[in-house]
Amino acid sequence: MNRPPGRRLHDFNHVSLCVKYMIFLLNFIFWLFGGLLIGIGLYAFVDKWQASGLVKVETVYDVILNVSLVMIFAGGVVFVVSFAGCVGALRENTCLLKFYSLCLLVFFLLEMAIAIMGFVFPHTMQSMLEETLSDKIIHMYREDADLQNFIDFAQQEFQCCGLSSEGYKDWSKNEYFNCSSLASVEKCGVPFSCCINATDISSGLVNIMCGYGVQKDPAAEAGKRVWANGCIDVVRSWAERNLYTIAIIALGVALSQLLVIYLAKTLEGQIELQKSRWHS
């Protein structure tokens, strides 16, 4: 075979610098994002620890419903996987690239499984969420400040109250809002975030007592003061109304993940080819 003068075949670089540094820069951004999530989660966890002196972690629900722990876990996963992709691309390490592409493939398959379950069996998914999480979230409303803020935000944004199909009646499961609670001034009430008009127009202040005693009212009367539907049902209805938009976004995310997996496997193959040329 004729070779260019002064250059041997095994001196040719089979690794595409474009693919290599594209993977490196993309994962470097996600690596920083993962570190940021870990930092924010640790700050929130330590702040909660110092404020209450105790962070309850006894069951898997205590971890899932603890916002700071979820941020730490999610940030840790993003940090480790993106670090593997970042260093694997930069150092041309095939072991790290294989680990990286495998993790992306697992994430992709999990996302597809959840999406298929959500689209094909929406009512089954709703029932499962109501049965597994509803009671726990309602019960822990006053026990975790971060979870409380998240629930209040969700109820205000989606204009809902409670989680299950029982709507605002869900709050009877909380010891502070239960009608049999003798020591609580909030008994038979709901959180202020359930109220249709929680903010006083003249003063601009939030009336935190706007939901007091609403569980005693008939459903028709209660519907004039608070949002009557549960958040899971409202979110499902919102998803059905915006099905095409959600599908386009999901398709874009899926194609992006497949592209990154393809680039990682391409780089891995180029590195293996380069190594084989060196040893030939």
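Reader: Is C86 buried or exposed?
Author: C86 has a relative accessible area of 7%. The model is predicted, so to speak of a local feature takes a pLDDT of at least 70 and side-chain atom pairs count only at pLDDT 80 or more, while totals for chains, interfaces and linings use all residues. Residues are numbered from 1 along each chain as its sequence is written, and side-chain values use heavy atoms, with hydrogens and water left out. Buried means under 20% relative accessible area, exposed over 50% and partly exposed in between (1.4 Å probe, protein chains only), and at 7% C86 is buried.

Reader: How far is the sulfur of C86 from the closest cysteine sulfur?
Author: A disulfide is a pair of cysteine sulfur atoms within 2.5 Å. The closest cysteine sulfur to that of C86 is in C103, and it is too far for a bond, at 15 Å.

Reader: Is C95 buried or exposed?
Author: The sulfur of C95 is also too far for a bond, since the closest cysteine sulfur, in C103, is 13 Å away. The relative accessibility of C95 is 59%, so this residue counts as exposed.

Reader: How many disulfides are there?
Author: With the bonded cysteines of the protein chain numbered in sequence order, the pairing reads 1-8, 2-5, 3-4, 6-7. By the distance rule the count of disulfides is four.

Reader: What is the torsion about the S-S bond of C161 and C194?
Author: C161 and C194 are joined by a disulfide, S to S 2.1 Å. Both cysteines are buried. The disulfide is right-handed because its torsion about the S-S bond is about 85°.

Reader: How many residues apart are C161 and C194?
Author: The disulfide joins C161 to C194. Helices (H or I, at least four residues) and strands (E, at least two) are DSSP runs numbered from the N terminus. C161 and C194 both lie in the loop between α6 (145-158) and α7 (219-225), and the pair links distant parts of the chain, 33 residues apart.

Reader: Which residues are closest to the centre of the largest pocket?
Author: On a 1 Å grid over the protein atoms alone, a pocket is an open set of points where a 1.4 Å probe fits, with protein on both sides within 12 Å along at least five of seven lines; lining residues have an atom within 4 Å of a point. Grid points are joined across faces, edges and corners, and a volume is the space filled by probe spheres set on the points. The largest pocket holds about 1,300 Å³ of space. Of its 35 lining residues, the closest to the centre are M125, L129, I232, V235 and R236.

Reader: Which helix gives the most to the lining of the largest pocket?
Author: Helices that each supply at least two residues of this lining include α3 (67-90), α4 (94-120) and α9 (243-278). With seven residues, the one that gives the most is α6.

Reader: How many nonpolar residues are in the lining of the largest pocket?
Author: Ala, Val, Leu, Ile, Met, Phe, Trp, Tyr, Cys and Pro count as nonpolar, Asp, Glu, Lys and Arg as charged, and the others, Gly among them, as polar. The lining has five polar and two charged residues, and its nonpolar residues number 28.
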